Amino acid sequence: MQRTDMTETPLHASEFRRIMKVLFSRGVVVFGIVVILALFVTAIFAPWIAPYDPYKLDLNQTLVQPCKEHLLGTDALGRDTLSRIIFGTRTSLMVGVVAVCIAASVGMTMGLIAGYFGRWVHAIIMRFIDALMAFPVILLALVIAVLLGGGLRNVMIALGIGLLPAYARLMCGQVLSVKENDYFLAGRAMGAGNLRIMFRHVVPNCFPPLIVLITMMMGLTILAEAGLSFLGIGIEPPGAAWGAMVNDGYQYLLTHPILSFAPGFAIMLVVFSFNMVGDGLRDALDPRLRGVL
Amino acid sequence: MPVLLEVKNLKTYFKVYHGLVKAVDDISYHIKKKEIVGLVGESGCGKSVSQLSVLQLIPTPPGEIVAGQIIFEGQDLLQFEANGDEMRSIRGGGIAMVFQEPMTSLNPVLTIGRQLTEGLELHLGMDVNEARNRAIELLSMVGIPDADKRIDDYPHQFSGGMRQRVMIAMALSCNPKIIIADEPTTALDVTTQAQLLELMTDLVSRFNASLVIVTHNLGVIARYAQRLYVMYAGRIVESGTAKEIFGNPRHPYTIALLNCVPRLDEEEGRKLVPIEGMPPNLLNMPITCAFKPRCPYHIERCGQDPWPDLKLIEGQHYVRCYVET
């Protein structure tokens, strides 16, 4: 009756090396990692990379088709599209990171408390989460953003709340399964208190699937942000956001498709990269696939 | 020797969807200082639940300690809040436990050292360095070679037997008065079993602690335990010194248990006799003797009257049975 393996994937040093190996053995995952790193670099160094000031209007050069001076052309107000996409990286990544941080920290805390204490605590928290889940993320974020007023900060809060149920549910499930392990009981039998057990024994063992969820959700969050800014909520003009650029450009779709397509492609690339990395992480962290990959 | 732990009329029930499971139904026992006591019975007879009840580690709900007293060093443990400070200081500090599954009893993401020092920091207030040195000492005491290096290893780098040694070191770390070993060797192979029991009994006597061995294996008990409690369906059906029980088993269940293990001192060719039937479903238990359906000796009275009380045979030997076997 000896169990040779745990249900969780422990993250020790040798494990870490194995996971990295599996992760980097797939081209598409490496591609995703490279794109994501490149995006962060772009976001940080945007002012140095962008060829023009993304906010500067040049009414002599409106709706220029792609050319040597303006690689992706200019928009109706004469702003350089490439520069605006580069600056839009900042918006997207910032919203993505902050919203995911809000959703993950609040959601995981709620899930941890619900799963750990069980009973009525579990019932109350999880019913609240279920209620949140009943609304589509975009709709929920839209309502919250409208209630809080526009602005990037409120979009991040709105998306954070909208995406929190996924983390709460996953964390709660993880905690419930970790609680079944003997080390949980053994920790209690050694006289450890609730906080100690939570943070030494429960939380670290819950992490592997949450890492995957966080990565996957980055893509989804960026997509949701683009959707909101397409709908005109979020960044205020003249700030650059990909979703808003798609919206601005689509009036000229027939004559200047690049205005919508370029930011649209950027959105796609980012979401695709995050999803691929998430997929790769999921496979690398899945103990059932150990040895196969 | 003075009595260290006395459990009186303990009842632990589980309220489940289909009804009430009386996992532990009115058991009383005691453990003296420096004594090794065995608790024997089949799976699901309430052995583990009774031991978890002592430390109030029963999952509540559905479990609940309905009645009884657990007197440890003059205090009734049941008056303490299950997660209160008093109970927490007793867990590990006064009474420690070793669990059945060494493979899952250690947290896979923490090093052995960090898990061993947990109790030392918690109960003995040691600082990091003191605790680490003590942990290394404990590890070598339980026979882990190169303890000072292995202390930084993770549980998956240890074999099952070694992990159980770590669990023993962990249980001993805070000098508890009683160690409860819940099927400590069930998951291990036979050679390791013997070594571990030897180690455990040896260390327990060096630490002046008492040991409770919970097991379904009479062979394990025979050699080490001074006194035995035999449990069936949530009740103690026979108790006494090891000599009394192995020399003169009186309850039909004990007799049946002894008949189904091989012995070295018996005539060749004896067939092992399995116990017919299944352990009873603890839901909807009859008030009559729960062993009656499987009992070859049962008489008419067994099916009519409720379970008899424990009856003194001689010395410390008690039996719960109408039949004079």
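**Figure 1. The interface of chain B and chain A.** Put together, chain B and chain A bury about 3,000 Å² between them, 57% of it on carbon and sulfur atoms; buried area here is the accessible area (1.4 Å probe) that two parts lose on being put together, summed over both. In chain B, the residues that lose the most area to chain A are B:Thr104, B:Pro108 and B:Glu118, together 20% of what that side buries. This is a predicted model, in which local features need pLDDT of at least 70 and side-chain atom pairs count only at pLDDT 80 or more, while totals for chains, interfaces and linings use all residues. Residues are numbered from 1 along each chain as its sequence is written, chains are lettered from A and ligands numbered from 1 in the order in which they are written, and side-chain values use heavy atoms, with hydrogens and water left out. Counting contact as heavy atoms within 4.5 Å, 35 residues come from chain B and 26 residues from chain A.

Figure 2. The rule, a side-chain nitrogen of Lys or Arg within 4 Å of a carboxyl oxygen of Asp or Glu, finds three salt bridges across the interface of chain B and chain A. One of them pairs A:Arg196 with B:Glu118, the closest N and O atoms being 3.0 Å apart. Helix 3 (112-123) of chain B is among the elements that each supply at least two residues of the side touching chain A, along with strand 6 (95-98) and helix 6 (160-172) of chain B. Helix 3 of chain B gives the most to that side, with six residues. Helices (H or I, at least four residues) and strands (E, at least two) are DSSP runs, numbered from the N terminus.

**Figure 3. Strand 9 of chain B, tucked in.** Six of the six residues of strand 9 (residues 227-232) of chain B are buried, so the strand is largely enclosed by the rest of the structure; buried means under 20% relative accessible area (1.4 Å probe, protein chains only). Both faces are covered, with B:Arg227, B:Tyr229 and B:Met231 on one side and B:Leu228, B:Val230 and B:Tyr232 on the other.

**Figure 4. The strand partners of strand 9 of chain B.** Two strands pair if DSSP finds at least two bridges between them. Strand 3 (residues 36-40) of chain B runs parallel to strand 9 of chain B, joined by four bridges, and B:Leu39 stands opposite B:Tyr229. Strand 10 (residues 235-241) of chain B runs antiparallel to strand 9, with six bridges, and here B:Leu228 stands opposite B:Gly240. Strands 9 and 10 of chain B form a hairpin with two residues between them, and B:Ala233 in the turn has a positive phi of about 50°.

Conventions: Buried < 20%, exposed > 50% of the residue type's maximum accessible area, 1.4 Å probe, protein only.
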